[in-house]
Amino acid sequence: MSYLWKKTEKWNQWCDSKNCPVCRNLPQPDDYVTIAETDASWIEAHPNVPFKGTCYVMSKKHAIELYDLSDDEAFSFLKDVMITARALKEVTGATKINYEIHGNTVPHLHLHLFPRYLVGDRFSDSVIDPRNVEPPVYSGNEFHEFTKTMRERISSALK
Ligand SMILES: [Zn+2]
């Protein structure tokens, strides 16, 4: 993993929504799953993650920093984060949900949600280091079942 903001030319290009891969709707890897879509966000997951249950809330509006959103836009985005976090805690049985906004590889606002566990949490005494993970964390049909259950929970929460 390399931090795009260290590569000034590419970073500056991608900061402009005309060149941003999210805004340009460039294809994501085949294993990305959109769990839900709201007016403000896409809620997504993919299987190559540090923990089972890791997911993302991706802003539909191009923003680099959270403060680039208006108050109303930020509220809508964070409301989607709260809905996702509640569903995630219920579905995974996690003890705690961690929230991380980086944007180090793609300068388009997105927030990572990580379920943390009392037992079997490989980073129990440290911050999550995605470089220190040996995927896959899912086996068999687990990823499909996770995204299916999350889709059902979030769909009912959005009604
Ligand atoms: Zn963008």
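Student: What is the relative accessibility of Glu90?
Tutor: Keep in mind that we're looking at a predicted model, where local features need pLDDT of at least 70, side-chain atom pairs count only at pLDDT 80 or more, and totals for chains, interfaces and linings use all residues. Residues are numbered from 1 along each chain as its sequence is written, and side-chain values use heavy atoms, with hydrogens and water left out. For accessibility, buried means under 20% relative accessible area, exposed means over 50%, and partly exposed is in between (1.4 Å probe, protein chains only). Glu90 counts as partly exposed, because its relative accessibility is 45%.

Student: Which residue meets Glu90 in a salt bridge?
Tutor: Side chains of opposite charge can pair when their charged atoms come close. A salt bridge here is a side-chain nitrogen of Lys or Arg within 4 Å of a carboxyl oxygen of Asp or Glu. For Glu90 the N to O distance is 2.6 Å, and the partner is Arg153.

Student: How many residues apart in sequence are the parts that Glu90 and Arg153 tie together?
Tutor: Helices (H or I, at least four residues) and strands (E, at least two) are DSSP runs, numbered from the N terminus. Arg153 is partly exposed, at 35% relative accessible area. Their side chains meet in that salt bridge, with Glu90 in helix 2 and Arg153 in helix 3 (residues 142–157), so the tied parts are separated in sequence by 63 residues.

Student: Which residue forms a salt bridge with Lys18?
Tutor: There are six salt bridges in the structure. Lys18 is exposed, at 62% relative accessibility. Its closest N and O atoms to the partner are 3.1 Å apart, and that partner is Asp16.

Student: What N to O distance goes with the salt bridge of Glu37 and Lys60?
Tutor: Lys60 counts as partly exposed, at 27% relative accessible area. The side chains of Glu37 and Lys60 meet at an N to O distance of 2.6 Å.

Student: Where in the chain does Glu37 lie, given its pairing with Lys60?
Tutor: The side chains of Glu37 and Lys60 meet in a salt bridge. Lys60 is in the loop between strand 3 (55–59) and helix 2 (71–92), 23 residues away in sequence, so the pair ties that loop to the element holding Glu37, strand 1.

Student: What geometry does the zinc ion's site have?
Tutor: Donors are N, O and S atoms within 2.8 Å of the metal (3.2 Å for Na, K and Ca); water is not among the atoms, so sites may look incomplete. The protein donors are Cys20 (SG), Cys23 (SG), His62 (ND1) and His108 (ND1), lying 2.1 to 2.3 Å from the zinc ion. Four donors count as tetrahedral if all angles lie between 85 and 135 degrees. Here the angles among the four donor atoms are 102 to 119°, and the site is tetrahedral.

Student: Is His108 buried or exposed?
Tutor: Cys23 makes a handy contrast, since at 33% relative accessibility it counts as partly exposed. His108 has a relative accessible area of 1%, which means it is buried.

Student: Which residues does Thr147 touch, leaving out those up to four places away in sequence?
Tutor: Thr147 is in helix 3 and is buried, at 4% relative accessibility. Contact means heavy atoms within 4.5 Å. On that basis Thr147 touches Val33, Ile35 and Ala45.

Definitions and conventions. Tetrahedral: all angles 85-135°; square planar, octahedral: opposite > 155°, others 65-115°.
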